[in-house]
Amino acid sequence: MLSRSIAAAARMAPLRTMRGRHSVLLARLPTRMQIARTFADKVVKVPQMAESISEGTLKQFSKSIGDFVEQDEEIATIETDKIDVAVNAPESGTIKEFLAGEEDTVTVGQDLVRIELGGAPSADTKDEPAPPKEENPDETKFQSKDEGKAQSKKVSEPVKTESNNQQKEISTNPEPKSTTSSPATQATNGTSGTGSREERRVKMNRMRLRIAERLKQSQNTAASLTTFNEVDMSNIMDFRKLYKDDVLKKTGVKLGFMSAFSRAAVLAMRDIPAVNASIEGPNGGDTIVYRDYVDISVAVATEKGLVTPVVRNVESMDMITIEQAIADMGKKARDGKLTIEDMAGGTFTISNGGVFGSLMGTPIINLPQSAVLGLHTIKDRVVAVNGKVEIRPMMYLALTYDHRLLDGREAVQFLVKIKEYIEDPRRMLL
């Protein structure tokens with residue numbers, strides 16, 4: 001019996017050894033949880049932005065590493081030369097890593113964020129906190145030694161004299177001082193004023209660069225000319241005052257002047273269709289495109305620059321519908337929610353600089369359009385009405401047009417028709 005036990009123990013010894021070795025090997029292999037987490041990670045890429053846009057600037061991350069995000073929640077914003085593109089989470093999960101930095105130029109399809117998929121972590125399922133980083137005792141010792149030297153140096157450092165302070169100022173000044181004073185410095189010698197001379201250089205954002213490019217292209221391409229007129233706003237102001245409360249109560253729309261000018265422009269285009277046309281073709285263009293629809297680009301000032309979202313098929317809208325569409329586009333522009341589709345196209349532009357107090361100006365044509373209408377502030381002025389001197393609320397109108405397509409006579413007639421419609425809104429109903 002004893003011999004059998006010894007023999008059995010001998011046979012089990014190698015098995016125990018193998019089990020021990022396997023235990024060590026298994027301990028080194030990743031666990032199921034670790035493998036699942038590896039396969040559960042999702043890399044969010046830069047999305048497709050538009051057919052003509054392949055890159056942009058990563059402006060900011062709206063979330064931080066470790067934050068939980070819901071599906072379709074915005075996690076980053078990419079600025080292009082036309083619009084801001086939101087990057088949304090494809091699935092719910094926790095942000096683990098940023099694969100690009102803010103202000104970096106990113107291209108379509110580039111890796112942007114790594115997300116660990118899964119539900120929101122709870123108190124019971126949260127991962128254990130990472131162990132504290134092990135400190136190198138030698139490094140700590142050297143660091144303490146260096147800190148001690150720095151402290152002793154600070155204590156034993158003598159009091160700086162005036163010459164030492166001057167030397168410190170010179171050594172930290174980013175601009176080397178010249179021994180020869182500039183004319184501006186010579187001109188201010190002997191004065192007691194000490195104004196700031198600082199300068200800041202900020203890189204232009206992509207939208208501002210695009211605006212500059214398009215405006216300069218417009219100046220170089222179109223034969224721009226501006227004609228002016230003035231309009232008595234008395235009747236349209238009385239019209240708005242009479243109906244604005246009723247319209248707001250029934251539709252929730254705040255009745256303004258943009259809808260009236262848009263409607264007046266549409267009606268005037270029936271007589272002067274070239275205002276709604278454009279030139280196309282190579283070498284400056286040799287073909288005129290006439291349209292039976294009117295898509296009005298409405299200039300909206302935002303923090304990043306001037307944008308012109310498009311209200312489509314204005315010819316089929318009444319004033320209330322036009323006002324609502326313009327208000328919706330303006331809100332989207334100020335909230336940075338405009339899409340490429342909102343900006344594309346446009347056959348005529350209306351720019352209302354009057355909301356900022358502009359008395360008169362010459363707007364620039366938004367190519368390939370042929371004209372742009374500029375509205376300005378309303379001012380009480382002394383005018384002659386039926387042989388009598390009266391004070392009326394007056395506004396200057398400006399129409400900048402492409403003289404390649406529009407003759408002066410047509411441009412003036414178009415502006416006069418808008419003046420007539422605004423001064424007597426009943427004409428728009430006939």
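**Exercise 1.** How many helices and strands does the protein have?

*Solution.* This is a predicted model, in which local features need pLDDT of at least 70 and side-chain atom pairs count only at pLDDT 80 or more, while totals for chains, interfaces and linings use all residues. Residues are numbered from 1 along each chain as its sequence is written, and side-chain values use heavy atoms, with hydrogens and water left out. Taking helices (H or I, at least four residues) and strands (E, at least two) as DSSP runs numbered from the N terminus, we find eleven helices and 18 strands.

**Exercise 2.** Describe the open sheet of six strands and find its edge strands.

*Solution.* Strands pair if DSSP finds at least two bridges between them. The order is S9-S18-S17-S16-S12-S15, with mixed pairing, and strand S9 (224-232) and strand S15 (310-311) are the edges, each pairing on one side only. Within the sheet, S16 (residues 348-352) and S17 (residues 371-385) run parallel and are joined by four bridges, and Thr349 stands opposite Val372 in S17.

**Exercise 3.** Which residues touch the most other members of the largest nonpolar core?

*Solution.* A nonpolar core is a set of buried (under 20% relative accessible area, 1.4 Å probe, protein chains only) Ala, Val, Leu, Ile, Met, Phe, Trp, Tyr and Cys residues joined through side-chain atoms within 4.5 Å. Among the 71 residues of this core, the answer is Leu112, Phe348, Phe414 and Ile418, and helix H8 (residues 258-271) supplies the largest share, nine residues. Ile418 is in contact (heavy atoms within 4.5 Å) with Phe261, Ala264, Ala265, Ala268, Leu373 and Leu397, not counting residues up to four places away in sequence.

Technical notes:
Buried means under 20% relative accessible area, exposed over 50%, partly exposed in between (1.4 Å probe, protein chains only).
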